[in-house]
Amino acid sequence: MPDIFHQQFTNFLTIRRFASSDIFCATALTQRFSITPLGTSQESSLQHTVEAAARVVVVRGLRHELHPAGTLIEGSMDECFEAVKECITDSLKRAPRIIVGLRADVHPGAQNRLHQHQVEITRILGRIEGET
């Protein structure tokens with residue numbers, strides 16, 4: 001029975017192997033990430049981290065939403081991971097340590113999911129409010 005670390009590492013290597021293929025890199029991705037700086041004045045450092053991350057996302061032209069618990073971005077896998085990598089690199093210039101939260105929804109062939117979800121949620125909320 002293989003140990004779980006070996007199995008997870010093998011899965012990671014498999015993903016890395018396919019990461020350079022055109023199909024994998026063109027896959028639509030919705031990704032939520034948050035970066036929390038540690039070892040600095042928390043309030044000012046967090047403000048600068050959020051501001052820098054928002055700047056990266058805007059400059060890169062990604063569809064996005066800023067939320068209190070993180071930033072939601074949408075684009076190709078390459079676009080999203082490169083943006084997060086840039087945000088991490090920038091944050092490490094300001095703080096000696098950071099915590100990164102990352103969650104990705106990989107949906108091949110999907111486009112403009114952020115807008116579609118907003119429309120669907122608005123429709124559902126309108127139906128619920130009409131019932132009360």
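Author: Arginine 60 is partly exposed, because its relative accessibility is 38%. This is a predicted model. The side chain of arginine 60 meets that of glutamate 86 in a salt bridge, with 2.7 Å from N to O. Glutamate 86 sits in helix α4 (residues 77–92) and arginine 60 in helix α3, so the pair ties together parts that are 26 residues apart in sequence. Glutamate 86 also counts as partly exposed, because its relative accessibility is 36%.

Side chains of opposite charge can pair when their charged atoms come close. In the whole structure, a search finds four salt bridges. Another of them joins the side chains of glutamate 51 and arginine 55, at 3.2 Å from N to O. Glutamate 51 and arginine 55 are four residues apart in helix α3, so about one helical turn separates them. Glutamate 51 has a relative accessible area of 40%, which means partly exposed. Arginine 55 is partly exposed too, at 48% relative accessibility.

Next comes the bridge between arginine 94 and aspartate 90. Their side chains meet at 2.6 Å, N to O. Arginine 94 has 37% relative accessibility and counts as partly exposed. Aspartate 90 has 18% and counts as buried, because the cut-off for buried is under 20% relative accessible area.

Helix α3 (42–60) returns here: it gives two or more residues to the lining, as do β1 (28–38), β2 (63–67) and β3 (70–76). The lining of this pocket has eight nonpolar residues, six polar and no charged.

Last, the surface. Phe81, Val100 and Leu102 make up a nonpolar patch there. Together they have about 230 Å² of accessible area. Leucine 102 belongs to strand β4, which spans residues 97–106. Its relative accessibility is 44%, so leucine 102 counts as partly exposed.

To recap: helix α3 holds both glutamate 51 and arginine 55. Helix α3 also holds arginine 60, whose partner glutamate 86 lies in helix α4. And α3 is among the elements that line the second largest pocket.

Key: Residues numbered from 1 in each chain as written. Predicted model: local features only at pLDDT ≥ 70, side-chain atom pairs only at ≥ 80, totals over all residues. Heavy atoms only, no water. Patch = residues over 30% accessible without salt bridge, like charges linked within 9 Å, V, L, I, M, F, W, Y side chains within 5 Å. Areas by Shrake-Rupley, 256 points an atom, 1.4 Å probe, with all protein chains shown as cover. Buried < 20%, exposed > 50% of the residue type's maximum accessible area, 1.4 Å probe, protein only. Nonpolar A, V, L, I, M, F, W, Y, C, P; charged D, E, K, R; others polar.
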